[in-house]
Amino acid sequence: MNKTIRRASLFTLLLVFALLVRATWVQFYEGRALADDQHNRRNAIQTYAEPLGNIVVAGRAVTGSAVTEGSDLRYRRTYTNGPLYAAVTGYASQAYAPTQLEGIYADLLSGTDTRLKTVLDTLTNERADPGNVVTTIDPDVQEAAYDALGDTKGGAVAIDPGTGRILAAVSTPSYDPSTLTDATTAGTAWKRLNADPDKPLTNRALRQPLPPGSTFKLVVAAAALEDGLYSSVDEPTVSPSPYTLPGTVTPLRNESASAPCTNASIRVALQYSCNTVFAKMAVDLGQDKVRATAEKFGFNDSTRDVPVRAYTSVYPTGMDRAQTALTGIGQFDVTATPLQMAMVSAALAHDGELVAPHMVDRITDGGGDTLEDYDDGARTTRIVSSRTAAQLRSAMQTVVEEGTGTNARIAGVTVGGKTGTAQHGENNSKTPYAWFTSYATAGDKQVAVAVMVEQSDAARSEVSGNGLAAPVARAMMKAALT
């Protein structure tokens with residue numbers, strides 16, 4: 001064999017060897033990644049070859065499946081009262097990645113979760129019957145929140161303080177998930193929804209942190225009581241009015257010049273929402289102590305899953321004393337979601353303990369047998385002492401009965417709450433955010449609520465936590481307790 005033929009043969013063998021190595025690599029190492037790639041249409045064909053499992057509210061499925069005409073994707077997802085439950089279900093789309101509960105439990109709902117397989121399924125390699133997701137949502141509370149929010153831009157959450165069950169999670173304006181399910185029409189809806197300046201795809205209940213304004217004063221008050229800065233909600237504070245922000249010549253004033261805020265007790269300061277009292281209280285405590293209490297309630301937790309990953313509510317670091325003062329009234333860089341502020345009220349309502357909030361009761365197989373029960377595994381954490389919680393509940397009741405939260409009153413029901421009107425824009429140039437967080441007790445029933453109205457048609461002078469958010473909270477609490 002001459003030299004040229006030998007070289008050609010060796011080169012050919014090297015090419016064959018390289019192809020074998022590459023084929024082996026693709027088969028055994030990259031195969032799974034390629035199979036799971038979102039652009040692999042075979043995955044979508046498999047997912048939608050059969051009806052999906054369902055998301056269930058109060059014993060009724062709010063999802064379904066329908067036959068798709070003229071497509072290799074045989075079924076598409078459908079929704080009952082889609083806009084009402086969109087903040088809970090999310091969407092399962094033939095064209096886009098699923099979101100919310102649809103995304104978290106995609107394997108369960110498609111029947112590919114290994115926990116669903118029977119021995120026969122394993123032997124035959126057949127797809128198992130899909131499972132179902134049973135939520136904690138109370139349809140009456142969900143509908144009350146949705147109707148009360150109406151045309152406003154906002155979010156609301158209701159929690160059972162004793163169990164951590166999320167009874168409602170509503171975001172407005174909403175959208176109909178059904179418009180995104182069919183691959184042939186989803187593109188148009190997707191462009192329209194993303195171009196909408198009101199951002200209907202944003203989950204304002206769980207994933208839209210905004211300045212909480214005066215509702216955050218509950219956290220500062222809890223820190224002061226726990227630290228011993230003040231012994232009770234009725235002890236006078238050392239609080240001038242107006243209060244000059246430390247290191248500046250800028251006076252901080254109260255909304256009402258006639259409010260009795262000078263040296264007011266925590267009860268009176270919550271009743272009249274005295275900025276001066278809580279700004280100075282935050283400075284007296286120092287940012288580290290306020291942050292420590294805020295973090296006990298759930299701020300700065302980037303791993304909060306309910307099981308949807310909630311956006312982090314933030315209490316900032318590295319501030320000067322003037323900035324710390326502003327955090328005392330829920331401003332500067334403090335942000336919170338409605339879920340977070342509902343957690344604050346829930347912990348105070350539950351004697352100072354927070355049961356981990358969750359909106360899935362259990363997941364089941366196709367036959368209804370429980371695969372995992374989330375109520376049984378809900379973690380309980382001591383946030384503040386029983387004494388501190390009782391004192392703040394009492395002060396919150398004063399807010400509703402005699403203070404800034406009178407629109408939350410419910411006849412025959414014990415209601416405590418806190419209003420908030422958070423500044424928006426440079427020098428408060430934009431419409432403020434209206435907040436209300438509360439709890440209500442009637443007999444052996446209890447509920448904690450937080451409502452945030454980001455934007456409404458109300459005149460700027462009429463924007464307040466009591467005017468816009470408290471009526472929504474009242475409707476939700478009433479629905480939960482009846």
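Let's start with a pair of side chains: Asp284 and Lys280 meet in a salt bridge, with 2.8 Å from N to O. A salt bridge here is a side-chain nitrogen of Lys or Arg within 4 Å of a carboxyl oxygen of Asp or Glu. Both residues lie in helix H11 (residues 275-285), 4 residues apart, which is about one turn of the helix. Helices (H or I, at least four residues) and strands (E, at least two) are DSSP runs, numbered from the N terminus.

Before we go on, a word about what you are looking at. This is a predicted model, in which local features need pLDDT of at least 70 and side-chain atom pairs count only at pLDDT 80 or more, while totals for chains, interfaces and linings use all residues. Residues are numbered from 1 along each chain as its sequence is written, and side-chain values use heavy atoms, with hydrogens and water left out.

How exposed are the two partners? Asp284 is partly exposed at 36% relative accessibility, whereas Lys280 is buried at 15%.

Now look at helix H12 (residues 287-297). Asp288 and Arg291 are 3 residues apart in this helix, so about one helical turn separates them, and their side chains form a salt bridge of 2.9 Å, N to O. Asp288 is exposed at 54% relative accessibility, but Arg291 is buried at 11%. Elsewhere, salt bridges that share partners link Arg165, Asp361, Arg362 and Asp375 into one network. Another pair to find is Arg115 and Asp113, joined by a salt bridge of 3.0 Å, N to O. Here Arg115 is partly exposed at 41% and Asp113 is buried at 11%. The whole structure has 15 salt bridges.

Let's step back to the whole protein. It is divided into domain 1 (42-135 + 175-195) and domain 2 (213-365 + 373-481), with bounds that come from an automatic or database domain assignment. Taken over C-alpha atoms, the centres of the two domains are 38 Å apart.

Where do the domains meet? In all, 15 residues of domain 1 are in contact with 10 residues of domain 2, where contact means heavy atoms within 4.5 Å. The size of an interface is often given as the accessible area lost when the parts come together. Domain 1 and domain 2 bury about 1,000 Å² between them, 65% of it on carbon and sulfur atoms; this buried area (1.4 Å probe) is summed over both parts. Across this interface the rule finds 0 salt bridges. On the domain 1 side, helix H3 (82-89), helix H4 (100-104) and strand E5 (132-135) each give two or more residues, and E5 gives the largest share, 4 residues.

Finally, the backbone has some details to find. The peptide bond from Thr172 to Pro173 is cis, with omega near -5 degrees, and Pro173 lies in the loop between strand E7 (166-172) and helix H8 (186-195). A cis peptide bond also runs from Ser241 to Pro242, with omega near 0 degrees. Ala58 is not a glycine, yet its phi is positive, near 50 degrees. Ala58 sits in the loop between strand E1 (55-57) and strand E2 (60-61), and is exposed at 56% relative accessibility.

Technical notes:
Buried area is the accessible area (1.4 Å probe) that two parts lose on being put together, summed over both. Buried means under 20% relative accessible area, exposed over 50%, partly exposed in between (1.4 Å probe, protein chains only).
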